[in-house]
Amino acid sequence: MPTTLQGIANKARNSRKHCFQNLYSLLNYSNLRECFFELKKNAAPGVDLVDWYDYQVNLEDNLQTLVETLKAGGYRAKLVRRKYIPKGNGKVRPLGIPCLEDKLVQRLVAKILEAIYEQDFLDFSYGYRPGKSPQGATQDLARDLQFGPYGWVVEADIRGFFDSIDHEWMLRMLKERIGDEKLLRLICKWLKAGILETDGKIIDPETGSPQGGIISPILANVYLHYALDLWFDRLVKPTYSGRAKLTRYADDFVCIFHYRRDAEDFYNRLGDRLAKFKLSLALDKTRKIQFSRFRVGEGSFEFLGFEFRWGLNQKKSPQVWRWTARKKLRAALQRLKDWVRKTRCHRIRELMRSLKAKYQGHRNYYAVIGNSRRVSSFEHFGNSIVLKWLNRRSQRRSYNWAGFQNLLRQFKVGNFGNSGEKAA
């Protein structure tokens with residue numbers, strides 16, 4: 001962390017109620033230049049169609065002009081380009097793609113906010129934080145369930161969270177730590193930035209922070225830190241007779257309890273608490289279940305792409321297993337099918353390299369103890385899909401199953417890659 005941000009972090013850690021001033025002065029040439037090289041080079045451009053490489057051509061002049069605009073107070077947030085991506089259940093997720101210059105300034109402001117709020121965020125908040133990951137969240141949750149006294153689970157999901165963030169509440173929360181009005185007005189400009197829909201219509205948002213913007217993750221964590229985390233940790237949990245623990249990744253969270261009455265109380269109070277901050281629960285994804293080592297095979301829940309279930313290990317002792325959620329497995333196979341349909345005419349070397357990367361990415365996320373069968377299922381059915389579409393490249397079949405297996409071995413793809421590496 002740069003020296004200036006380290007000083008801010010130290011001050012935030014040592015003085016929990018300190019309200020920071022003069023943060024806007026950090027939006028200078030050197031800091032912006034550093035942040036420019038942290039941006040993704042191949043990210044999609046915004047409405048102005050300027051990408052990383054275009055901006056780099058006249059980088060020094062562009063940055064100098066941007067700094068002068070910021071100092072003069074003439075900075076205006078550009079329209080955010082809306083894009084929709086499939087979620088795998090027939091629904092779509094709206095993403096917002098800001099222009100590159102907006103991304104650049106957002107990146108720097110996000111680093112400033114992170115230096116402050118990383119000292120305040122609680123340990124059970126995992127989403128979009130340095131040193132935290134969804135794998136870590138599921139691993140810690142499984143360990144708590146395995147070795148703790150917990151027998152009840154409340155799994156919850158906030159409906160359209162990023163589109164429901166209330167701007168007034170958001171600014172009130174930020175003012176707890178930030179007293180720099182110029183920086184707050186800058187954040188407000190991003191919250192109020194118009195959204196260009198795919199049909200050309202422009203929407204002026206009254207709520208929300210576009211999912212996909214660089215500033216959105218830290219703002220989302222700040223919002224739920226005050227709306228949910230502190231409430232649970234300081235006001236709810238101390239009133240319960242048994243142990244309780246919250247695990248949250250962005251707007252997805254699970255709370256586990258020792259006693260049923262505590263779980264029921266939390267479940268009944270949660271909706272009203274979120275409503276105070278203009279949020280609502282997705283009722284189809286929110287429920288209370290019994291999840292106990294004494295009821296092996298009964299009850300399961302999903303969190304961050306994993307299905308949690310009690311089973312038996314090799315010693316016939318109760319064990320919490322994490323398996324790939326079935327709907328996530330189906331969605332991953334559908335994405336693989338869509339990809340190979342579009343790229344099946346590419347060169348085999350290029351295809352196999354991309355396929356190997358997709359399998360490795362899937363393994364990196366889902367390869368946990370006890371989940372080998374479903375990880376292998378993804379590769380097995382994925383190979384069948386790829387073989388099918390490779391044989392549609394022409395009127396003649398290109399490969400039989402044995403020939404396709406040899407191809408996978410040649411390029412060390414999936415399980416064949418692992419066996420090949422061991423043999424080597």
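**Ground rules**

I am working on a predicted model, where local features need pLDDT of at least 70, side-chain atom pairs count only at pLDDT 80 or more, and totals for chains, interfaces and linings use all residues. Residues are numbered from 1 along each chain as its sequence is written, and side-chain values use heavy atoms, with hydrogens and water left out. Helices (H or I, at least four residues) and strands (E, at least two) are DSSP runs numbered from the N terminus.

**Entry: the second largest pocket**

I noted the terms before going on. On a 1 Å grid over the protein atoms alone, a pocket is an open set of points with protein on both sides within 12 Å along at least five of seven lines; a cavity is a set where a 1.4 Å probe fits but cannot get out; lining residues have an atom within 4 Å of a point. Grid points are joined across faces, edges and corners, and a volume is the space filled by probe spheres set on the points.

I read about 500 Å³ for the volume of this pocket. Its lining has 19 residues, and E176, H225, Y226, L230 and R234 lie nearest the centre. Both α8 (167–174) and α10 (216–236) supply at least two lining residues each. I sorted the lining by class (Ala, Val, Leu, Ile, Met, Phe, Trp, Tyr, Cys and Pro nonpolar; Asp, Glu, Lys and Arg charged; the others, Gly among them, polar). That came to 9 nonpolar, 2 polar and 8 charged.

Next I looked at α8. Is this helix mostly covered or mostly open? It is mostly covered, with 6 of its 8 residues buried, buried being under 20% relative accessible area, exposed over 50% and partly exposed in between (1.4 Å probe, protein chains only). I listed the buried ones as H167, W169, M170, L171, M173 and L174. Their cover includes α5, α9, α10 and α11 (260–276).

I then picked out W169, which sits in α8. W169 counts as buried because its relative accessibility is 18%. Leaving aside residues up to four places away in sequence, W169 touches Y223, K276, F277 and K278, where contact means heavy atoms within 4.5 Å. I also checked W169 against L113: they are 56 residues apart along the chain, and their C-alpha atoms are separated by 17 Å.

**Entry: α2 against α5**

Two packed helices are described by the angle between their axes and the distance between the axes. I looked up both for α2 (residues 29–36) and α5 (residues 100–117): the axes come within 9 Å and cross at roughly 110°. α2 is therefore roughly perpendicular to α5. For the wording, axes are lines fitted to C-alpha atoms, for helices over the stretch in contact, with angles from 0 to 180 degrees between N-to-C directions. Under 35 degrees is roughly parallel, over 145 roughly antiparallel, 65 to 115 roughly perpendicular and the rest oblique.

On the α2 side I found N31, L32, E34, C35 and F36 in the contact, and on the α5 side L100, L104, V105, R107, L108 and K111. By class the contact has 7 nonpolar, 1 polar and 3 charged residues.

**Entry: cavities**

How many cavities of 30 Å³ or more does a search of the whole structure find? I got 3. Two or more lining residues come from each of β2 (92–97), α5 and α9 (181–192). The lining splits into 9 nonpolar, 5 polar and 2 charged.

The second largest cavity holds about 80 Å³ of space. I noted P2, T4, L5, L26, N31, E34, C35, L108, K111 and I112 in its lining. α1 (3–14), α2 and α5 give two or more residues each.

**Entry: two loop residues**

G194 lies in the loop between α9 and β4, and E197 in the loop between β4 (195–196) and β5 (202–203). G194 is buried at 9% relative accessible area, and E197 is buried at 13% relative accessibility. Residues up to four places away aside, G194 touches K78, L79, V80, I203, D204 and P205, while E197 touches R82, Y84 and I203.
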